[in-house]
Amino acid sequence: MTILDIGSTPPDFTLPRDGGGTITLSGLRGKPVILYFYPKDDTSGCTQEAIEFSGLRPQFEKLGAKVIGMSPDPVKKHDKFKTKHDLKVDLVADEDKAIIEAYGLWVEKSMYGRKYMGVERTTYLIDSAGKIAKIWNKVKVPGHAAEVLEATKALGT
């Protein structure tokens with residue numbers, strides 16, 4: 001696992017996406033990318049986060065930015081999640097967690113004294129040159145998408 005920091009190049013990936021096809025991170029160079037990692041489709045926090053990013057999609061698009069959500073859920077589950085909540089962001093499936101692990105986000109968590117492995121909710125703002133411009137660790141969902149939008153505007157795209 002590489003330690004990711006501002007200015008570093010994030011691990012590349014090609015993963016299956018909702019609706020069919022794949023998304024390759026390096027194929028998006030030339031535009032900013034918001035890559036957010038979330039634990040599970042159709043849970044309250046993950047749904048709120050996806051809805052907030054979806055609501056701001058027109059503003060992200062004006063900046064030329066692409067918003068991608070990643071979780072270990074399969075594509076079929078992403079498709080149902082998108083349809084159910086009319087989501088407007090792209091969702092990629094990392095079922096074997098190889099990319100989530102490469103980003104260092106498959107971690108031990110604890111709830112009600114029970115320890116388990118899960119995705120640490122994290123967002124990366126990747127600039128048009130393919131470098132990490134900003135990282136939000138252990139994201140608290142309310143207002144997060146708006147904060148990411150402001151940081152994207154600050155890139156000066």
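Modeller: What follows is a discussion of how each label is assigned.

Modeller: This is a predicted model, in which local features need pLDDT of at least 70, side-chain atom pairs count only at pLDDT 80 or more, and totals for chains, interfaces and linings use all residues. Residues are numbered from 1 along each chain as its sequence is written, and side-chain values use heavy atoms, with hydrogens and water left out.

Biologist: Why is Gly 27 called exposed?

Modeller: Exposed means over 50% relative accessible area, buried under 20%, and partly exposed in between (1.4 Å probe, protein chains only). Gly 27 has 60% relative accessibility and therefore counts as exposed. Gly 27 is located in the loop between strand 2 (22–24) and strand 3 (33–37); helices (H or I, at least four residues) and strands (E, at least two) are DSSP runs, numbered from the N terminus.

Biologist: How far apart are Gly 27 and Gly 130 in sequence and in space?

Modeller: They are separated by 103 residues in sequence, and by 9.7 Å in space, C-alpha to C-alpha.

Biologist: Why is His 144 called buried?

Modeller: His 144 has a relative accessibility of 3%, so it counts as buried. This residue belongs to helix 5 (residues 144–154).

Biologist: What makes the pairing of His 144 with Thr 123 a polar contact?

Modeller: A polar contact is a pair of N or O atoms within 3.5 Å; within protein, one must be able to donate a hydrogen and the other to accept it, and residues adjacent in sequence count only if both atoms are side-chain atoms. The side chains of His 144 and Thr 123 make such a contact at 2.7 Å. Contact in general means heavy atoms within 4.5 Å, and His 144 touches Glu 49, Glu 52, Phe 53, Thr 123, Trp 136 and Val 139, not counting residues up to four places away in sequence.

Biologist: What makes a group of residues a nonpolar core?

Modeller: The term denotes a set of buried Ala, Val, Leu, Ile, Met, Phe, Trp, Tyr and Cys residues joined through side-chain atoms within 4.5 Å. The largest such core has 22 residues, of which Ile 34, Tyr 36, Phe 53, Phe 60, Val 67 and Leu 91 touch the most other members. Strand 3, helix 1 (44–55) and helix 5 each give two or more residues to this core, and helix 5 gives the most, with four. A second, separate core of 21 residues includes Leu 28, Tyr 124, Ile 132 and Ile 135.

Biologist: How do you know that Asp 42 and Lys 84 form a salt bridge?

Modeller: A salt bridge requires a side-chain nitrogen of Lys or Arg within 4 Å of a carboxyl oxygen of Asp or Glu. The side chains of Asp 42 and Lys 84 meet at 2.9 Å, N to O. This pair links distant parts of the chain, 42 residues apart: Asp 42 is in the loop between strand 3 and helix 1, and Lys 84 is in helix 3 (residues 75–85).

Biologist: Why is Asp 42 called partly exposed, and why is Lys 84 called exposed?

Modeller: Asp 42 has a relative accessible area of 37%, so it is partly exposed. Lys 84 has 56% relative accessibility and therefore counts as exposed.

Biologist: How many salt bridges are there by this rule?

Modeller: The count comes to ten. One of them joins Asp 18 to Arg 17, with the closest N and O atoms 3.6 Å apart. Asp 18, at 5% relative accessibility, counts as buried, and Arg 17, at 18%, counts as buried too. Arg 17, Asp 18, Lys 66, Lys 82 and Asp 90 are linked in a network of salt bridges.
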